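Please walk me through this structure step by step.

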There are 2 protein chains.
Amino acid sequence: MDYALFFTYLAACVAPAMTGAMFPPGAWYQALRKPSWTPPNWAFPVAWTTLYLLMSAAAARASGFAGAELGLALWSVQIAFNTLWTPVFFGLRWMKVALAVLGALWLAVAATMIAFFRVDGWAGAMFLPYLVWVTVAFALNLSVLRLNPEADASRAGAGSGTGAAG
Amino acid sequence: MDYALFFTYLAACVAPAMTGAMFPPGAWYQALRKPSWTPPNWAFPVAWTTLYLLMSAAAARASGFAGAELGLALWSVQIAFNTLWTPVFFGLRWMKVALAVLGALWLAVAATMIAFFRVDGWAGAMFLPYLVWVTVAFALNLSVLRLNPEADASRAGAGSGTGAAG
């Protein structure tokens, strides 16, 4: 594996990692009703740190194989939508829009994994935990939205669309 | 140029483009003191649409050349930090932190341009307008911060760090 590529891809992960620190869950999220299978708070930074390392290693590894171009382009799509989710959910509290962003992220992660599998088994396999985690995140976003419809700032009449959440 | 790659890279640009719609400047930004050379409001979506097309074409073109791996990895860094800036500036109104994000974005764009120039002149040249625009954006963010220090929600005593801007 090319370490310059690994650390460059890891630098891209700094952007979504920063959203976690800048738009923290806080009291608003803690007060929401959550499903019984919600992972404990400590699991999120642990999972994301692991996933950032795995997805960067996967991209660095795939880069060494011919025909990896599409997978690397899809990698860009997933990191951009990954960066977008946190400000939409925890910043704007637009839970329905955030769910759509997670759906787009899920598709991008699945497509990247398939494209990587076609050039290298290890690169594809390193994306599997990421797809599992985004599936859990999607189910959690959906469940929290259903359990707390009044907390979705993107619903009709919520006075949304002003940019910064009130 | 490979059109599947072009549209995949363009799909990554949808994430930062959405931040512009989700975190609009609004009354807060309009009321800020701005330098005389501030581009008119209509110039921003026009410039960004042009730049998204150019940066996607540059990545699709570079993908066809041997040795483009580092440039493509750097492309991922720039799209992630591009997605991060708008929520930080217009969402949190952390003008100083947003300036640091723009600094990181400038470095990523410059590095991508240099890496692309090393494999293909056209791919590198297509990044030049982007670097110019991010330079203008950095100067504008810095100038607006200096002209409106009281509007920076990340300054000491501003009661920041709560996630959603008040």
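What follows is a short tour of a predicted model.

Start where chain B meets chain A. Each side gives residues to the contact: 40 residues from chain B and 40 residues from chain A. The area buried between chain B and chain A is about 3000 Å². Carbon and sulfur atoms give 80% of that area. Now look for charged pairs across the boundary. Between chain B and chain A there are zero salt bridges. Polar contact between chain B and chain A comes to one residue pair, with both residues at pLDDT 80 or more.

Which elements of chain B give two or more residues to the side that touches chain A? They are helix H1 (3-22), helix H4 (69-92) and helix H5 (95-119) of chain B. H4(B) gives the largest share of that side, with 18 residues. Sort the residues on the side of chain B that touches chain A by type, and you get 29 nonpolar, nine polar and two charged.

Next, the rings. Over all chains, the structure holds 26 aromatic pairs. Take A:Tyr9 and A:Trp75 as one of them. Their ring centres are 4.6 Å apart, centre to centre, and there are 70° between the planes. That makes the pair edge-to-face. The pair also links distant parts of the chain. A:Tyr9 belongs to helix H1 (residues 3-22) of chain A, and A:Trp75 belongs to helix H4 (residues 69-92) of chain A.

B:Phe89 is buried, because its relative accessible area is 2%. B:Phe90 is buried because its relative accessible area is 10%.

Rings can also join into a group. In chain A, ring pairs link A:Trp28, A:Tyr29, A:Trp85, A:Phe89 and A:Phe90 into a cluster.

Where is it found? B:Thr38 sits in the loop between helix H2 (26-30) and helix H3 (43-62) of chain B. Its relative accessible area is 19%, and buried means under 20%, so B:Thr38 is buried. A polar atom of the side chain of B:Thr38 lies 2.6 Å from the backbone oxygen of B:Pro35. Leave out residues up to four places away in sequence, and B:Thr38 touches B:Tyr29 and B:Leu140.

How many does the structure hold over all chains? The count is four.

Begin with A:Arg33 and A:Glu150. Their side chains meet in a salt bridge at 3.2 Å, N to O. A:Arg33 lies in the loop between helix H2 (26-30) and helix H3 (43-62) of chain A. A:Glu150 lies in the segment after helix H7 (128-147) of chain A. The pair therefore ties together parts that are 117 residues apart in sequence. A:Arg33 counts as partly exposed, because its relative accessibility is 46%. At 44% relative accessibility, A:Glu150 counts as partly exposed.

Move on to A:Asp120 and A:Arg61. Their side chains meet in a salt bridge at 2.5 Å, N to O. Here too, the pair links distant parts of the chain. A:Asp120 is in the loop between helix H5 (95-119) and helix H6 (121-125) of chain A, while A:Arg61 is in helix H3 of chain A. These two residues are 59 residues apart. A:Asp120 is buried, with a relative accessible area of 9%. A:Arg61 is partly exposed, with a relative accessible area of 29%.

Then turn to chain B. B:Arg61 forms a salt bridge with B:Asp120, and the closest N and O atoms are 2.5 Å apart. B:Arg61 lies in helix H3 of chain B, and B:Asp120 lies in the loop between H5 and helix H6 (121-125) of chain B, so the pair ties together parts that are 59 residues apart in sequence. B:Arg61 has 29% relative accessibility, so it counts as partly exposed. B:Asp120 is buried, because its relative accessible area is 9%.

How values were computed
Residues numbered from 1 in each chain as written. Chains lettered and ligands numbered in written order. Heavy atoms only, no water. Contact = heavy atoms within 4.5 Å. Buried area = accessible area lost by both parts, 1.4 Å probe. Polar contact = N/O pair within 3.5 Å; in protein donor to acceptor, adjacent residues only side chain to side chain. Helix = DSSP H or I, 4+ residues; strand = E, 2+ residues; numbered from the N terminus. Nonpolar A, V, L, I, M, F, W, Y, C, P; charged D, E, K, R; others polar. Phe/Tyr/Trp six-rings, centres within 6.5 Å; stacked < 30°, edge-to-face > 60°. Buried < 20%, exposed > 50% of the residue type's maximum accessible area, 1.4 Å probe, protein only.
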